[in-house]
Amino acid sequence: MKVLVVEDGVKLASLLRRGLRSEGVAADVAVKGEDALWMAGSTEYDAIILDVMLPGIDGFETCRRLREDGVWAPVLMLTARDAIKDRVAGLDGGADDYMTKPFSFVELLARLRALARRGPIERPPVLE
């Protein structure tokens, strides 16, 4: 499995990457939403872990733009924002799952495996 971690907290991003790699998951890290858009557009990922509070464009906007750009890798939002309105905004904005910080790493792994099991979702053609 190949995962993109989008997290501006350097320490948390490093811990996530190290933990994922110890589980046999290839993990790349982006610290800004703009970097995530570029990386996800040029590399095929099995899943994307996306923080909401990012410098530049936030995670909600990043997710919307990923979907607009035709990037359909499953997105798991991992954020400290735990209000129901935030969860709804994330899921309605294109995320496939939403976890709040603090979190359990084993639960994060289980959710990633569940997202990866779904496989690629066939998207309808867009007629213009």
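This report describes the sheet and some of the helix packing in a predicted model.

## Basis

The model is predicted: local features need pLDDT of at least 70, side-chain atom pairs count only at pLDDT 80 or more, and totals for chains, interfaces and linings use all residues. Residues are numbered from 1 along each chain as its sequence is written, and side-chain values use heavy atoms, with hydrogens and water left out.

Helices (H or I, at least four residues) and strands (E, at least two) are DSSP runs, numbered from the N terminus.

Five strands form an open sheet in the order 2-1-3-4-5, with parallel pairing; two strands pair if DSSP finds at least two bridges between them. Strand 2 (26-30) and strand 5 stand at the edges with a single partner strand each, so one side of each has no neighbour in the sheet.

Strand 1 (residues 2-6) and strand 3 (residues 47-50) pair in the parallel sense over four bridges, and L4 has I48 of strand 3 as its bridge partner. Strand 4 (residues 75-79) and strand 5 (residues 97-100) also pair in the parallel sense over four bridges. The bridge partner of M77 in strand 5 is Y98.

## Helices on the sheet

Helix 4 packs on the sheet, where it touches strand 4 and strand 5, and its direction makes about 150° with that of strand 5. Contact means heavy atoms within 4.5 Å; axes are lines fitted to C-alpha atoms, for helices over the stretch in contact, and angles run from 0 to 180 degrees between N-to-C directions. Helix 5 (residues 105-117) touches strand 3, strand 4 and strand 5, and its direction makes about 175° with that of strand 5.
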